[in-house]
Amino acid sequence: MNAARTALIARTALGAWTLSALACAPPSTPDRSLPEGAADGSPQALVESALLPTVTTRGEPVARSSLADRMAELGVPGVSVAVLVDGEIAWARGYGLADVESGRPVTPNTLFQAASISKPVAALAALRLVEAGRVDLDGDVNAHLTSWRVPGNEFTEGAPVTLRGLLTHRAGLTVWGFPGYGPDEGAPDGPGVLDGRGNTDPVRVYKAPGESWRYSGGGYTVMQQLVTDVHGAPFAGVMREEVLDPIGMSRSTYEQPIPPERQDDIATGYRADGERVPGGWHTYPEQAAAGLWTTPSELALYAREMQRAWRGESDLVLGEALAREMLTPDADDWGLGPAISEDGERFRHGGSNQGFRCTFAAYIEGDDGVFVMTNSDSGGELAAEIAITVAHAYGWSGPRPEER
């Protein structure tokens with residue numbers, strides 16, 4: 001792999017991890033004084049006129065900023081926000097432009113690339129196979145893979161690659177993130193990605209499975225192939241039937257590339273310098289790792305279903321036992337798909353695709369959450385600031401700014 005490609009993939013993976021890390025930053029006590037323009041003190045007003053920063057300094061006043069000012073400073077054309085309170089979407093709002101060239105605004109229905117937030121949603125399809133007894137969570141995934149198999153080597157002699165390892169990033173697999181494919185680039189199929197016939201290295205075991213944590217989009221692409229092989233059907237269709245439709249995520253799709261008929265209200269991605277991503281967005285054949293198109297409101301429906309399943313109040317996708325296992329942190333604060341905050345209270349994830357940055361955090365033992373999506377490479381900091389401000393406004397325990 002050449003140096004430029006390596007750097008690009010590293011930035012992609014780091015961006016996703018940075019957003020996730022901010023969602024569980026150590027608690028602090030921000031200054032509660034409000035600037036002019038936030039007179040009603042409502043959570044939405046605070047987001048629009050009094051954003052908190054991601055980092056504060058102990059003993060010093062906290063500088064707040066308006067959303068419009070931060071969007072201009074960071075060069076973020078558009079952002080979409082949804083807030084879940086007591087199990088209902090309290091408010092959802094789009095700000096700025098979904099497409100700068102046409103002047104089309106962001107609406108609550110505008111589709112964004114969820115990037116790595118695709119992973120915890122996609123994990124549900126694999127866990128449904130576990131619940132149905134068709135796949136062993138701790139068995140060798142090669143027992144279920146037919147169109148491609150994890151190549152054995154000295155690292156797999158002592159322990160196999162398991163579905164649990166894939167979902168918790170402990171399978172010892174390479175390829176941390178994916179750059180996607182532009183409009184003039186041919187994208188391989190799943191086995192092609194796994195064998196390195198695209199723009200990333202082959203997905204291979206590079207250390208003993210289960211030995212330690214290392215973020216791996218390659219692992220989720222193996223999981224995608226497992227789901228596809230067991231069902232004998234394309235991954236996007238399986239996700240529609242098994243996960244998206246039962247939850248009510250009717251606008252969301254894992255189709256890659258996204259079909260023209262789904263592009264009625266879709267965000268265009270922009271680079272940090274304001275340049276439009278060629279073609280508007282990249283295609284990701286790594287659907288489970290990075291291929292979900294969705295809205296913050298529909299991500300809120302996913303989180304609400306997980307909260308209800310955890311309490312045994314719903315089994316539309318998973319029953320209580322497996323939902324609880326999904327949201328139970330391992331030694332690395334990772335569940336079976338989502339990350340878990342250090343205090344154990346929230347499940348969350350960040351996302352970083354070409355031209356898109358997003359984050360979410362939702363309570364495990366509760367009915368609240370915040371979901372933010374942007375259409376800019378520089379939107380990660382803004383997404384984190386919005387999530388922190390929403391949590392502060394509602395008096396939640398987190399996410400909070402990091403205090404230094």
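Student: Which hand is the crossing where α3 passes α12?
Tutor: Right-handed, meaning that the near helix is turned clockwise from the far one by less than a right angle. This is a predicted model, where local features need pLDDT of at least 70 and side-chain atom pairs pLDDT 80 or more, while totals for chains, interfaces and linings use all residues. Residues are numbered from 1 along each chain as its sequence is written, and side-chain values use heavy atoms, without hydrogens or water.

Student: At what angle do the axes of α3 and α12 cross?
Tutor: Roughly 160°, with the axes of α3 (residues 67-74) and α12 (residues 380-394) coming within 10 Å. That makes α3 roughly antiparallel to α12 (over 145 degrees; under 35 is roughly parallel, 65 to 115 roughly perpendicular, the rest oblique). Axes are fitted to C-alpha atoms over the stretch in contact, with angles from 0 to 180 degrees between N-to-C directions.

Student: Which residues make that contact?
Tutor: From α3, Leu67, Arg70, Met71 and Leu74; from α12, Glu381, Leu382, Glu385 and Ile386. Contact means heavy atoms within 4.5 Å. By class, five of the residues between α3 and α12 are nonpolar, three are charged and none is polar.

Student: And α7 with α8, what is the angle there?
Tutor: Roughly 80°, and the axes of α7 (residues 217-231) and α8 (residues 235-247) come within 9 Å. The two helices are therefore roughly perpendicular to each other. Gln224, Val227, Thr228 and His231 of α7 meet Phe235, Val238 and Glu242 of α8. That contact has three nonpolar, three polar and one charged residues.

Student: On to the sheet. What is the strand order?
Tutor: β4-β3-β2-β10-β9-β8-β7, an open sheet of seven strands with antiparallel pairing; strands pair if DSSP finds at least two bridges between them. Its edge strands, β4 (104-105) and β7 (339-340), each pair on one side only.

Student: How many bridges join β9 to β10?
Tutor: Six, between β9 (residues 356-363) and β10 (residues 369-374). Thr359, for instance, has Val372 in β10 as its bridge partner.

Student: Which helix packs on the sheet?
Tutor: α10 (residues 296-310), which touches β2 (78-85), β3 (88-99), β8 (346-353), β9 and β10. The direction of α10 makes about 25° with that of β2.

Student: How many aromatic pairs are there?
Tutor: A search of the whole structure finds 14. In one, the ring centres of Phe112 and Phe356 are 6.4 Å apart and the planes lie at 85°, so the pair is edge-to-face. Rings of Phe, Tyr and Trp (its six-membered ring) pair with centres within 6.5 Å, and planes over 60 degrees apart are edge-to-face, under 30 stacked, the rest tilted.

Student: Where in the chain do Phe112 and Phe356 sit?
Tutor: Phe112 is in strand β5 (residues 112-113) and Phe356 in strand β9, 244 residues apart, so the pair links distant parts of the chain.

Notes. Helices (H or I, at least four residues) and strands (E, at least two) are DSSP runs, numbered from the N terminus. Ala, Val, Leu, Ile, Met, Phe, Trp, Tyr, Cys and Pro count as nonpolar, Asp, Glu, Lys and Arg as charged, and the others, Gly among them, as polar.
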